[in-house]
Amino acid sequence: MFGLPAETFYWFAPWPVLWIGLALLMYFKLKREDEREENGVSSGRRGD
Amino acid sequence: MEFLQGEGGIEMNLETWVFAVYLGGLLLIGYIFSKRAARSVDDFLLGGRSVGPAVTALTMQGTSMSGYMFMGGPALAFQQGWYALWYAFGDAGGAIINISVLGKRMRRLSERLGALSPVEYLGKRYESSLVQVIASVISIIFISVYVFAQFIAAGKALTSLTGMSYLPALLIGVGVIVLYTVFGGYLAVVWTDFVQAIIMVIGVVGITAAALTHLGGLTHLNASLSEVDPSYLSIWGKDLAYQGQWGVVLGAVLIYSIGYMGLPHVVVRHMSMKSPKTARTAILWSASWNQLFVFAPYILGLCAIVLLPNLSDPEMVIPELAYTFFPGILAAILLSAVMAAVMSTSDSLLMQAGTILSRDIYQRFIDQEADHARMVLVSRLLILLVGIIGVAVAAFEPPSVFDLVIFGFGVLGNSFIVPYVASVYSKKANRVGAVCSMVLGAVTHILWTEMDLESVTAVHPFIAGLILSLLGMVIGNFFGRAPSQQIQNEVEAAKRGRKVSRALDRNSSRELAPEARNIERHIRGLQPSSGSA
């Protein structure tokens, strides 16, 4: 574990993974929102 | 040019020539955007809201990571060991949180309100001149402190790089920043930031790889640290100084993970995005850049504990490492990266100070009828004025100025995070709430720091300011009048997004384009074109 005490390693190692994971999650969430905004309008117009 | 030569003068070696070309490139970018900047005040102050995802992400990061990152961060790691990385771990996610929380909604709402500056945005959203005045005063004071510190860092970095004496170095470094900002406006600032963010990451990753290789890798570094003092490897700081103080640790993580949402010169990047959809790709760009960049300066601070045990000034960790162990081109690249960090923050601060003075003070209270040409001229003159004042202050090198940078960051963050977030998430957030939130956040942070309440309570000033600012917003909202129906509708519309499909939008633009052209020709006194609809 790179010569670090276990406490330091387990508190510090996950952060980069956590941030990249959050970035990917937010990317797909926002992408879905963008697509839904457009599709939602289209289906709304069909119902008019 | 004699004052640049000889003892303390410039040494025109290969590295200095490379750096001179780099400065020339920045001026060229300023020149390229100067015509577009003069087109309208919207173009000058906000780039016509045309900035794409990669540039949005990298200008945000270049602006956020100042020269302090190359001096304060390594110094903290040099003094406290791995504990300093708490700050880096929060910092690595700052842009992801900032863009995710504010990006899309602030982009939409600022456009709907016609706001060109983050302070004007607050004034219009909360329908209050008082909000705008308080926000302007807090911003100008603490952004100015930031500007002065960056200018001093620019002078020092250029002195290290070229061997020039401080004053001419300051004049050249700041002169370049002021010139491309005054002439090229916002777009010159974001595009130079884009280039500088790339130089920053190349420089710092390169030197960190070289330093770790020199020490035999991360495991060997930690073994050497343990031999010097095992507490350097602890999460609680040297001699376990912060053991059990989770309030301090939480503050260390939060200040840079959410603090950027309160910095006017950073949140303006949301307002200038090409479209709300720009946000999602910008998140990926900034996440990647951050993971490459943010940890490296702190790791260099750890390396210096082993390599430079007798270093007297911890803030000089990076220049000392560069010149002692990696002289030549590596040192030049690293110090160029330091200069890039300083310049990419300075230009944004300068631009924002000029924007607030011209848009939120001059146009709001002095000349409401000012046309585009006049506003562009006034903005340029005010940016120049702030630059001149900045040089005058920096020439005297006021002491402890970097302490003021951290202080200024905290006060800006505590003043504006809650009002910005509430502005897009709560349509009921009102002017009394915004005023209470800004004032309580700022005052709490100032008092907590000045009275050293952190050592008594084990609570970081940023946490205290954030809690009080939040309480101010919640309680203030009970007393003030609710926002007008129009503002509530705009906030709702900013949440919902576009009302028409992309196809309809595109087709309607195509249909209306000839009409728009004819109206423009009519205004100019020309005949309508024959191809009109």
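1. In this predicted model, B:Met200 is in contact with B:Gly62, B:Met65, B:Phe293, B:Ala337, B:Ala340 and B:Ala341, once its neighbours within four places in sequence are left aside.

2. B:Met200 also stands out in the largest nonpolar core, which has 189 residues. Together with B:Ala154, B:Leu300, B:Val338 and B:Met339, B:Met200 touches the most other members of that core. The element that gives the most to this core is helix α9 of chain B, residues 166-215, with 23 residues.

3. Helix α4 of chain B covers residues 68-80. At 1.5 Å a residue, its 13 residues should span 18 Å, and the end C-alpha atoms lie 17 Å apart, so the two values agree.

4. Is α4(B) largely enclosed or largely open to the outside? Twelve of its 13 residues are buried, so the helix is largely enclosed by the rest of the structure. The buried residues include the aromatic B:Tyr68, B:Phe70 and B:Phe78, as well as B:Gly72, B:Gly73 and B:Pro74. B:Gln80 is also buried. Just after α4(B), B:Gly81 has a positive phi of about 75°.

5. The contact between the chains draws 23 residues from chain A and 28 residues from chain B. On the side of chain A that touches chain B, two or more residues come from each of α1 (6-12) and α2 (14-47) of chain A. The largest share of that side, 15 residues, is from α2(A). By class, the side of chain A that touches chain B has 15 nonpolar, three polar and five charged residues.

Notes. Residues numbered from 1 in each chain as written. Chains lettered and ligands numbered in written order. Predicted model: local features only at pLDDT ≥ 70, side-chain atom pairs only at ≥ 80, totals over all residues. Contact = placed C-beta atoms within 7 Å. Helix = DSSP H or I, 4+ residues; strand = E, 2+ residues; numbered from the N terminus. Nonpolar A, V, L, I, M, F, W, Y, C, P; charged D, E, K, R; others polar. Core = buried A, V, L, I, M, F, W, Y, C linked by C-beta atoms within 7 Å. Buried ≥ 20, exposed ≤ 12 C-beta atoms within 10 Å, placed from the backbone. Expected span 1.5 Å × (residues − 1).
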